[in-house]
Amino acid sequence: MADEVDLIVDAWRRERPDLDVEPMHVLSRISRLADLLDERRAAAFVEHGLQRHEFDVLAALRRAGAPFELTAGELCAATHVTSGTMTSRLDRLVARKLVIRRADAADGRLVRVRLTAVGRRRVDAALAALLGCERELLDHLPAAGREQLAVALRRLLAAAG
């Protein structure tokens, strides 16, 4: 079963036989899947009134476990953003009552951020919708194939990182 990537690879082989275009078989498909996943994730998040970056912050807090609280610095590290970016994201999430922010009792220089009950319900619902979309996509592969793919992608990410 040929797909568009096969057609592109074949065309490059014809036009540039001097180049090894084999990586395109894997990486072009990963790129296309990434775009598809971004679209599906965005739809799952919008369905629950969230943008991707908002989900990222709420999900980091939710994964922290009870009391679902992290410092602003820990959130920056977990979501790979600067403190300035995190401040603006937190401002919006506080305004929407999805998180609360307060000074640390022991060290007033630290800002603690806690998921509210509303924020927890919102992120839990968005996660369930996201997993449903992702499961639907992966259902096209047998369980053994999913495991092999996860192992191969883990190796690829480790090599790239």
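Colleague: What makes Asp3 partly exposed?

Modeller: In this predicted model, where local features need pLDDT of at least 70, side-chain atom pairs count only at pLDDT 80 or more, and totals for chains, interfaces and linings use all residues, Asp3 has a relative accessible area of 30%. Buried means under 20% relative accessible area and exposed over 50%, with partly exposed in between (1.4 Å probe, protein chains only), so Asp3 is called partly exposed. Residues are numbered from 1 along each chain as its sequence is written, and side-chain values use heavy atoms, with hydrogens and water left out.

Colleague: Where is Asp3 found, and what lies 3.1 Å from a polar atom of its side chain?

Modeller: Asp3 sits in the segment before α1 (4-15), helices being DSSP runs of H or I with at least four residues and strands runs of E with at least two, numbered from the N terminus. The backbone nitrogen of Val5 lies 3.1 Å from a polar atom of the Asp3 side chain, and for the backbone nitrogen of Asp6 the corresponding distance is 3.0 Å.

Colleague: Why is Ala106 called exposed?

Modeller: Ala106, in the loop between β2 (99-103) and β3 (111-115), has a relative accessible area of 80%, and is therefore exposed.

Colleague: What makes the aromatic pair of Phe45 and Phe55 stacked?

Modeller: A search of the whole structure finds one aromatic pair, and in that pair Phe45 and Phe55 are 4.2 Å apart centre to centre, with 20° between the planes. Rings of Phe, Tyr and Trp (its six-membered ring) pair if their centres lie within 6.5 Å, and planes under 30 degrees apart count as stacked, over 60 as edge-to-face and the rest as tilted. Because Phe45 lies in helix α2 (residues 23-46) and Phe55 in helix α3, the pair ties together parts that are ten residues apart in sequence.

Colleague: Are Phe45 and Phe55 buried or exposed?

Modeller: Phe45 has 2% relative accessibility and so counts as buried, and Phe55, at 9%, counts as buried too.

Colleague: Why are α3 and α5 called roughly perpendicular to each other?

Modeller: The axes of α3 (residues 52-63) and α5 (residues 83-95) cross at roughly 85° and come within 11 Å. Angles under 35 degrees count as roughly parallel, over 145 as roughly antiparallel, 65 to 115 as roughly perpendicular and the rest as oblique, and α3 and α5 are therefore roughly perpendicular.

Methods: Axes fitted to C-alpha atoms, helices over the stretch in contact; angles between N-to-C directions. Polar contact = N/O pair within 3.5 Å; in protein donor to acceptor, adjacent residues only side chain to side chain.
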